[in-house]
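Student: I would like to go through how the parts of this chain meet, step by step. Could we begin with the overall division and then turn to the contact between the parts?

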Amino acid sequence: MHERGYYGPFGGSYIPEILVATFDELVAAFDDAKADPDFWRSYEQLMQNYSCRPTPLTYAENLTEHFGGARIYIKREDLNHTGAHKANNVMGQGLLMKRMGKHRVIAETGAGQHGVAAATMAARFGFSCTVYMGEIDVARQRPNVFWMERLGAEVVAVTEGTRILKDAINEAFRDWVSNMDDTHYVLGTACGPHPFPEMVSWFQSVVGQEARRQVLEQAGALPKRVYACVGGGSNAMGIFQGFLDDDVELVGVEAGGRGLASGEHAARLATDDATVGVAQGYKTFFLQDDDGQMRETHSVAAGLDYVGVSPILANLRETGRVRFAAATDKEVVDALALTVRKEGLIPALESAHAFVQAFREAPDLSRDDVIVINQSGRGDKDIFTIADAFDDPSWKQFIRDKAEEYEADAE
Ligand SMILES: *Cc1c(COP(=O)(O)O)cnc(C)c1O
């Protein structure tokens, strides 16, 4: 057995001395909630009532026909309130905050999805909310900033450093240090110092519990393989946990960006490009240079564009339990287009990474085999990025017309 919060050599809690008491309090509250069956029951009730749980498992009959191999099932996390599995984590942490008597929430966000989810949770529970976001991200993610502000959150544009996600994380920790008594930091994925990887994975495990039950009911068998995209690793941990003890292959799919050879990607576990280091409070594989400077990553899917990865997944790779692959931006757009046309489903760009790898492998399996893809979120909220990726001329004209209208208004 390893020390608490370690997964093999990965994980841990590398935090400033001043936050130790706050983390101890959080670990104690989490352990207490975990040992209380009423807490999980109230979580399930909340998610049922507020976020469409249990989400369905959809048989993708047309895609199955198209590839002529394995029967393809899709777990519908896109149907959650706010459009992705992120709701599972933020609502769970909201309940925990209530139990701890905290009434202010802070969050970091890159693309803004986690910020919107956190602001939604704060509105629902009546907490005040501050979201830290790099100045560059604030500028390029206006629709999400718009909703966070409407939901009552204060969005702080971080002007330090490179003005993106990692700088927002630093600012959120700085805020927490000065407001520990009433504030909880709701981290968005299965990364960061202990207990966040374990706690976020625990809330997300609802996905795997449901999926296992549903696939047995609907397909009459356990799946041969389960596919999930991997940013920080929370949706993957969520669905994988349902099948860890079964004879089921688990496949994590990372952002291959402009191709692995280009260096412009965010594939930490599917390549040997990442090395072990400590940053942002935990030990894992980071895409970093020889001096430990974080490299720039790239993905068409903002949610996968991150230098680190869950320490739990890092360990599951080392033990061989989870296999990793990467999908390029171009492959992702093609898989998304096919899924929209064949099934009328619009996966998020992030989720479409998992579809790419499933589509590569499905034809070589037989109709007796079942595979499950986790559709972590919906893509219609990504219309700006997806329309760009499809290079849709009428969409561009619409935006130009809209801009002209605003120009005319201003005169
Ligand atoms: C944020 C996000 C991800 C990536 O986060 P994980 O923690 O790796 O799950 C994946 N899919 C969607 C739709 C997201 O919004």
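Tutor: Let us start with the division itself. In this predicted model, the chain is divided into domain 1, covering 6–48 + 85–196, and domain 2, covering 54–83 + 205–389.

Student: What distance separates the centres of domain 1 and domain 2?

Tutor: The centres are taken over C-alpha atoms, and on that basis the separation of domain 1 and domain 2 is 23 Å.

Student: How much area do domain 1 and domain 2 bury between them, and which three residues of domain 1 supply more of its share than any other three?

Tutor: Domain 1 and domain 2 bury about 2500 Å² between them, with 65% of this area on carbon and sulfur atoms.

Student: How many salt bridges and how many residue pairs in polar contact does the rule find across the interface?

Tutor: For salt bridges between domain 1 and domain 2, the rule finds zero. For polar contact, where both residues must be at pLDDT 80 or more, the number of residue pairs found across the interface is eight.

Student: Which element gives the largest share of the side of domain 1 that touches domain 2?

Tutor: Several elements each supply at least two residues of that side, including strand 2 (10–11), helix 4 (86–100) and helix 8 (165–178). The largest share, four residues, comes from helix 2.

Technical notes. Residues are numbered from 1 along each chain as its sequence is written. This is a predicted model: local features need pLDDT of at least 70, side-chain atom pairs count only at pLDDT 80 or more; totals for chains, interfaces and linings use all residues. Side-chain values use heavy atoms; hydrogens and water are left out. Domain bounds come from an automatic or database domain assignment. Buried area is the accessible area (1.4 Å probe) that two parts lose on being put together, summed over both. A salt bridge is a side-chain nitrogen of Lys or Arg within 4 Å of a carboxyl oxygen of Asp or Glu. A polar contact is a pair of N or O atoms within 3.5 Å; within protein, one must be able to donate a hydrogen and the other to accept it, and residues adjacent in sequence count only if both atoms are side-chain atoms.
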